Amino acid sequence: MIYITGDCHGDFRRFNRECFPEQKEMNREDTVIILGDFGGVWDYRGESSNERYWLDWLEKKPYTTIFVDGNHENHVRLAEYPVREWKGGLVHEIRPHVLHLMRGEVFLLEGLKIFAFGGASSHDIRDGILDPVGDARLIKKWSRMPFKMFRVNGVSWWKEELPSEEEMRRGKENLKKHDNQVDYIISHSPSASVAAMMGLGTQKQDVLTEYLEEIRQSIQYRRHFCGHLHMDRQVNEKDILLYEQIVRIA
């Protein structure tokens, strides 16, 4: 079985047995996919006691939890976890059964080919990205002003939220190895066309939305699932936005 859901931001209560009773019939070969903004690897100081509790809690689940990264992740810490091969692609092992799907990899699950590509542009930075040292006084002041939309470099924002040229190139190369045919695309960011339709003027196009648009127009696929926009909605026959719903896809 494969289930898929949207952004968690470190809150994994939707996976308790009361909210997600289907897990009673699942085992380690079954998977739950989180479409970015996982949020379980966040604290810039290292793994906090709260993170440890929830990561260990997920590890004890009967299934395997996998996720693409969103923009609200500590990308520096994610990159420090051990890399291993899993189901045909490369992952960061957060826990033995809690895995970060690296960008541009193709995974084979239940006979289905899944192309994974994380990342997205932060849209809650209207007032800027501040430096933790040079802007310390401003950070303290703005932290008391809830209408201010800012993040702090290396503390709550990382430039790696958007992909490198190497990651995008690797993604295209891996798709070519599979004859540019997959069953599902999973990402945090929407493609450019979906962002334009659903962003209501708030979602600016960037290198990743344009890359995902290029991918979806140049390969054969059945569905593209993405998060980021905090809504559960089927945009069209192929594009599906997920947030809190947990949907079975296999």
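A: Buried means under 20% relative accessible area, exposed over 50%, and partly exposed in between, with a 1.4 Å probe and protein chains only. At 11% relative accessibility, leucine 112 therefore counts as buried. The model is predicted, so local features need pLDDT of at least 70 and side-chain atom pairs pLDDT 80 or more, while totals for chains, interfaces and linings use all residues. Numbering starts from 1 along each chain as its sequence is written, and side-chain values use heavy atoms, without hydrogens or water.

Leucine 112 sits in strand β8. Strands (E, at least two residues) and helices (H or I, at least four) are DSSP runs numbered from the N terminus. Beyond its neighbours within four places in sequence, leucine 112 is in contact (heavy atoms within 4.5 Å) with Ile2, Phe107, Asp183, Tyr184, Arg222, Ile249 and Ala250. One of these is tyrosine 184, which lies 72 residues away along the chain. The C-alpha atoms of leucine 112 and tyrosine 184 are separated by 7.7 Å.

Now the sheet around leucine 112. β8 covers residues 112-117 and pairs with β7 in the antiparallel sense, over 5 bridges. Pairing here takes at least two DSSP bridges between two strands. Within that pair, valine 106 has phenylalanine 115 of β8 as its bridge partner. The open sheet holds 6 strands, in the order β7-β8-β11-β12-β14-β13, with mixed pairing. Its edges are β7 (105-109) and β13 (233-234), and each of these pairs on one side only.

A helix covers part of this sheet. α6, residues 207-218, lies across β8, β11 (184-187) and β14 (239-241). α6 runs at about 160° to β8. That angle is between N-to-C directions, from 0 to 180 degrees, with axes fitted to C-alpha atoms and, for helices, over the stretch in contact.

Next, the packing. A nonpolar core is a set of buried Ala, Val, Leu, Ile, Met, Phe, Trp, Tyr and Cys residues joined through side-chain atoms within 4.5 Å. The largest one has 21 residues. Ile4, Ile33, Trp86, Leu101, Ile186 and Phe225 have the most contacts inside it. Two or more residues come from each of β1 (2-5), β2 (31-35), β3, β6, β7, β8 and β11. β8 gives the most, with 3 residues.

β1 is another contributor to that core. Ile2, which is in contact with leucine 112, points one way from β1 together with Ile4. Tyr3 and Thr5 point the other way, and all four are buried. A second, separate core of 20 residues includes Phe12, Met26, Val32 and Ile94.

β1 belongs to the other open sheet. There, 7 strands follow the order β4-β5-β6-β3-β2-β1-β15, again with mixed pairing. β4 (83-86) and β15 (247-248) are its edges. Each has a single partner strand, so one side of each lacks a neighbour in the sheet. β1 runs parallel to β2, joined by 4 bridges. In that pairing, isoleucine 2 has threonine 31 of β2 as its bridge partner. On β15 the sense is antiparallel, over 2 bridges. Isoleucine 4 stands opposite valine 247 there.

α1 (49-59) lies across β3 (64-68), β5 and β6 (98-101), at about 120° to β5. The buried residues of α1 are Glu51, Trp54, Leu55, Leu58 and Glu59. They span an arc of only 145° around the axis, which puts them on the same side of α1. The arc is taken from the directions between the helix axis and the C-beta atoms. Among the elements covering these residues are β3, α2 (75-78), β5 and β6.

Last, the cysteines. The structure holds 0 disulfides (a pair of cysteine sulfur atoms within 2.5 Å). Cysteine 19 has its nearest cysteine sulfur, that of cysteine 8, 12 Å away. At 53% relative accessibility, cysteine 19 counts as exposed. Cysteine 226 counts as buried, at 3%. Its sulfur is 15 Å from the closest cysteine sulfur, in cysteine 8, which is too far for a bond.
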